[in-house]
Amino acid sequence: VMGALESRGVLRRMSDMLEMLMKKMDILARLENSTDFHKGDEARFPLDRFQPAAGLMERIQAIAQNVSDIAIKVDQILRNSLLNGKVVEGRRDQCEVPRDPKYPDCAGKVEWMRARWTSDPCYAFFGVDGTECSFLIYLSEVEWFCPPLPWRNQTAALPSPPPLPRVQAAFQSDLAHLLELIGTGKESLSFMKKRIRHLAQQWLRAARRLEQKLKGRQRDQKHILIHIGFLTEESGDVFSPRVLKGGPLGEMVQWADILAALFLLGHSLRVTVSLKELQSHLGVPPGRGNCPLTSPLPFDLIYTDYHGLQQMKQHMGLSFKKYRCRVRVIDTFGTEPAYNHEEYATLRGYRTNWGYWNLQPTQFMTMFPHTPDNSFMGFVSEELNKTERQFIKSNKVSSMAVVYGKEASIWKGKEKFLAILNKYMEIHGTVYYETQRPPEVPAFVKNHGLLPQHEFQQLLRKAKLFIGFGFPYEGPAPLEAIANGCVFLQARFNPPHSSLNHEFFRGKPTSREASLAGGERVSSQHPYAEDFIGKPHVWTVDYNNSEEFEAAIKTIMRTQVDPYLPYEYTCEGMLERIHAYIQYQDFCTTSSPPLPPKAKSPAMQSPPSPLALSPNATHLVWSPSASRDPHAWPPVDSLQVWVSETRHSCTETCRRRGLVCEPTFFRFLNKKEVFLQLSIACDSTEYEMNHLYPAVAENVHECYLQKEPLLFSCAGYNTKYRRLCPCRDYRKGQVALCRDCL
């Protein structure tokens, strides 16, 4: 006798078949009786397509009768099996809710099921039929709120499939299969495939170099789902229709590069851009999304965005919480810990439309390294060979400028800057228009309209200057311009733009401003170009000061610069970074030490600190005598502990010492002994939820340790506190990885 779940499934499928056959029989009967069909439409509807032979009709009727008989028998089997399991149909049956302290929520969940089991068809799919026993079977075998029932044949529950054999990843050299996986039907997908084809040779050369660098190191092949949520119809897909009309392409550039990197590294991929495909790949049961998945998640990793994350939460039921550690969220502007922690964000006013997911902050992957709290994913820019570099140097037009901005609205109100620039340089634009020239673009500007990527690069290779007017923020184009030998001129924002004073950032889960609230500021249109590249390739000036603006243009015209591309934005740099993340980042097994008991001033029972004072006594390092976890990543040898100034975040504190803040190391600092090792006097030590802790309020000698590990944050400062900051070294040109991280 099959289990209840299988029996219900068979019964439902039999009923569906019966209903379908009966409908077809009815259609055929009506067609057969239609004199108009026979007399007038022979030319359009050949009779042999529709008119069934008498024998065929008899066979269909016989099959339908057999299906009906089978359905009745299956229903009898189900009823008998339920009766044998002490179930009495039609009334509250003999199953009693178990009282087990290991399952404290069981009774409450049964009560909920009594009232709401019909609210979602997924419960009936799993065999719930309104009886007490079916509630307990579901809550113990599909969900896990109740203990297994002793009288149940445990094989009746869905068996877990055996784990897939773990094969080794091998670098790929043929991108044709990836292009098939991406699919068709959207302009955005066509754009991504064109980009992958265009950069194919650079990707393949980079993959060969990384393969040599890894020297045959063993790498498990991962099964990876890539769900691009913002391209689904359910999220509106506002991007695809605008691909050919000057719309933003930054996200699609990044997704194309992520797809190429994951594929070349040799992992098994599935790509979805529709909710229906997502549900199919995940194994979502029919219904409204309140039930768990029908089988264990078949993917080791899922790369998605905020739209996809929301879709997964809506349709995975309890399975979302179980499997969210496998998710990687491509998040253009970043998510700071204060916005990610739901309770803290709600209490402290950091709640936004996009935050409060309670993920590990490094599960969010950004376009630029805004904050070390998130993982830096990035994208790639095209690299030049020696011949191309020489051609650019000899063909640059020192009096030619290209404006950054394909949408006419970006040019509005910029007449003053353009007039000054026009005194010295020929100005080119690439503003989209359909029939009439946009009035926002002055007549003295040579507007090329929207250009294909290859033609746009040819324009950049001639131009001396690439100038931004404040928007769009942090896109890929300035890096492409610098890589093609342009100088990038951009406006300094005073005050810095943030969610507090600018509509664009409002609602995003990041403050991005150096303030008492404590984020990292957006001081210019492209902070990465300003901070990580700088002069002579990047000039950031006050556009409100006409003299400074004009002087910068004159100096740029006289300045000779070579094409420059940071290593982390090359194909090899991105492959290296994604390889390291896949190989070493693991959010499903926690390595954080247990926190002390909840108390006002908890007694410290932790083992001795593994840190020691540096030889010059300015900071702490990993003690030579302390043990090392060989699987820890980043390696603990790279750790340095510094104390911030009151006006500096940990990001800034580490940067000033040529280091990077590393949030995974906070767990080693979150101890009272560390204050003592740094000669910080603590009259009291408290555990609290605060994204600035561990820290010390020196004026009153009060020390604070972090109560919630999800709130460990490199971002943020408050003039009241000096923070304990975990810093590490980094590879030249690869800020995401420490020297020994590869």
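**Exercise 1.** Which handedness does the link of C738 and C741 have, given the angle about its S-S bond?

*Solution.* Before starting, note that this is a predicted model, in which local features need pLDDT of at least 70 and side-chain atom pairs count only at pLDDT 80 or more, while totals for chains, interfaces and linings use all residues. Residues are numbered from 1 along each chain as its sequence is written, and side-chain values use heavy atoms, with hydrogens and water left out.

Step 1: Step 2: read the angle about the S-S bond, which is 100° and makes the link of C738 and C741 right-handed. Step 3: check the surroundings, where buried means under 20% relative accessible area, exposed over 50% and partly exposed in between (1.4 Å probe, protein chains only). C738 counts as buried at 1% relative accessibility, and C741 is likewise buried, with a relative accessible area of 1%.

**Exercise 2.** Describe the disulfide of C654 and C727, and state which parts of the chain it links.

*Solution.* Step 1: the sulfur atoms of C654 and C727 are joined at an S to S distance of 2.0 Å. Step 2: the torsion about their S-S bond is about -80°, and therefore this disulfide is left-handed. Step 3: the pair links distant parts of the chain, with C654 in helix α24 (residues 650–655) and C727 in strand β21 (residues 722–728), 73 residues apart. Helices (H or I, at least four residues) and strands (E, at least two) are here DSSP runs, numbered from the N terminus. Step 4: both C654 and C727 are buried.

**Exercise 3.** Locate C95 and C133, and work out what their disulfide ties together.

*Solution.* Step 1: a search of the whole structure finds 9 disulfides, and one of them joins C95 to C133, with an S to S distance of 1.6 Å. Step 2: C95 lies in the loop between α4 (54–84) and α5, whereas C133 belongs to helix α7, so the pair ties together parts that are 38 residues apart in sequence. Step 3: the angle about the S-S bond is 90°, which gives the link of C95 and C133 a right-handed sense. Step 4: C95 counts as buried at 11% relative accessibility, and C133 counts as buried at 0%.

**Exercise 4.** Identify the buried residues of helix α5 and the helices against which they pack.

*Solution.* Step 1: in α5, which spans residues 106–116, the buried residues are C106, V110 and M113. Step 2: they cover an arc of only 60° around the axis, and so they sit on the same side of α5; the arc is that of the directions from the helix axis to the C-beta atoms. Step 4: the buried residues of α5 pack against α6 and α7, where contact means heavy atoms within 4.5 Å.

**Exercise 5.** Place D129 in the fold and list side-chain partners that it contacts.

*Solution.* Step 1: D129 lies in the loop between α6 (121–125) and α7 (132–142). Step 2: its side chain makes a polar contact of 2.7 Å with the side chain of T131 and another, of 2.9 Å, with the side chain of S134. A polar contact is a pair of N or O atoms within 3.5 Å; within protein, one must be able to donate a hydrogen and the other to accept it, and residues adjacent in sequence count only if both atoms are side-chain atoms.

Methods: A disulfide is a pair of cysteine sulfur atoms within 2.5 Å.
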